Amino acid sequence: MADKIMNDWSAGRSCTWNTDTSNQPRPRLSQIGFPTTNTPSRPISLDLSNNPDAICMTMPYNITEADIPEIGSSRAACSSNRRHVAKWVYWLFRKETRALHRPESNESQSGQLHLKFCRHVRQVGIRFGSMIIFAALLAVMLVPFHESANIGPFNFKKMRFDWHTDPHTHLVPYDPAYADYNVLIDGHAHTTLSDGRLTPEQLVEYSIAQGFNALIVTDHNTVAGGLRAEKYAREHHPGKFIAIPGMEYSNCRIHMNLIDINSTIEKGSAAFPTDDDIRVVINRTHELGGLVIVNHVPWSTRILDRFNEPRLVNHPSIQSLIEWGVDGFEIINQATFDMPTYQHLTSLMGHKGNRFANISSGLIIMTGSDVHIPGKAYAWTVLNSHSFTRHAIMDEIRNRRTSFLFDPTGNNASSTVTYSSRYLALSPMAGIAGYIASFYDRYQGQYSFHGSHCRRDIIDIHGTSVGFLVVYITIIAVIAEVVCSLCRYAIHSVKHRFQNCNIDKSEAAA
């Protein structure tokens, strides 16, 4: 029979054997030659030499070579109703496949479930471990970024100072004897050549807007910013604004302004200078024709909570500094009025029997905005100069003829600034880094301005926060796995129903 079928197929004759099959059951794939050991991913073949009688039962429809791959080289003979056989064979194949994958017993079913559960647990563990490793790598990369990056939100290069403050309209000198003054000077300011945000040229324009007509630029351990500001003021505001170069001698023991000098003092400069080093700096400043003003004593001696020590270690006393030859003190820094130092200085100047009585005119009293980032102005040092020159202004300061205006609320300075494109680009990363950094506190102490800090770092890790972060990640991971499993189950159910509907339609069509 098989030979006869093949001959008729090859000869192109109609396949019409045993056409009445309405009452005959449909055979299984194993009955018509489909090997039952095949999986759906392997090629399907039909062995015509196996059980030809059963094959004849499939002959009410015509077959082509595409329907039976085993006869790939044979010529197609029958041209009508080809799709019916394909649908019938597909239905048989799906039915046989389900039979192949159906568990044979409860024991094998439980074993498969156990294997599937173990595989799923292993995949969840891999995903959770990958998440932990990713978070650790992210922390390793972003914590150094958080510690080292200095990303300001604003672009100060494009800042404009379109306001003007006139403090003498509502303020009077602290010493009524200086009611008549013509110079308002800022004795302490920084530029981008140290840790300021404004260039020397911008600082001059900013000072004019704040109501000053003179400025002493005191960048940390360099006079470069002051020299640039002096040149700019001379070229762009001749006879209207005076910039005087200087530097702030900065370290872990003391901050002092060395004013009216044209070269940086390197000698005696160290993170932790000795008393002799400080005396060397004072003497060298005087040799260069400058003055030494001790800065912000309250700021320098303030106790830092975590270290339980002053900000600057072993800050010299006022008495020692006077003995070493300093010329004066900054009694107002930003909005802080150092009343104890001011009272101490005035008591020294007024006590004729004091050992400092040889200082006939006492000590210089100065104020400074200490501007790093543009903001409000609180104090103006005032004096009355016989001519508007650097030399004449410094003569008044040397002769201790200064007073000051003080407004503890500050002026109404305002300026429009734009966000830095660098900040906007890095702010997402900086935000993530800041969140990671919230799990610990790092205390470094005051910066020495010599490439180090004044104290050894103290790092406090918030173990409770880290522990709860792990708990939260675990909860989120479990919820995500449950949701994903439910979604996969729903998709599988819909897909299974859709496939069964297609099979039923194929049966009906057959």
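Of the 510 residues in the chain, 39% are buried, that is, under 20% relative accessible area with a 1.4 Å probe and protein chains only. The model is predicted, so that local features need pLDDT of at least 70 and side-chain atom pairs count only at pLDDT 80 or more, while totals for chains, interfaces and linings use all residues. Residues are numbered from 1 along each chain as its sequence is written, and side-chain values use heavy atoms, with hydrogens and water left out.

The secondary structure comprises 13 helices and 16 strands, taken as DSSP runs (H or I of at least four residues for helices, E of at least two for strands) numbered from the N terminus. Among contacts with a separation of 6 or more, 72% join residues 24 or more positions apart; contact means heavy atoms within 4.5 Å.

Helix α5 (residues 200-209) and helix α6 (residues 224-236) have axes that come within 8 Å and cross at roughly 60°. These axes are lines fitted to C-alpha atoms over the stretch in contact, with angles from 0 to 180 degrees between N-to-C directions. The two helices are therefore oblique to each other, the class left once angles under 35 degrees, over 145 and from 65 to 115 are assigned to roughly parallel, roughly antiparallel and roughly perpendicular. On the α5 side, P200, E201, V204 and E205 make the contact, and on the α6 side G225, R228, A229, Y232 and A233.

H296 has a positive phi of about 25° although it is not a glycine. H296 lies in the loop between β6 (291-294) and α8 (297-301) and, at 5% relative accessibility, counts as buried.

Technical notes. Buried means under 20% relative accessible area, exposed over 50%, partly exposed in between (1.4 Å probe, protein chains only).
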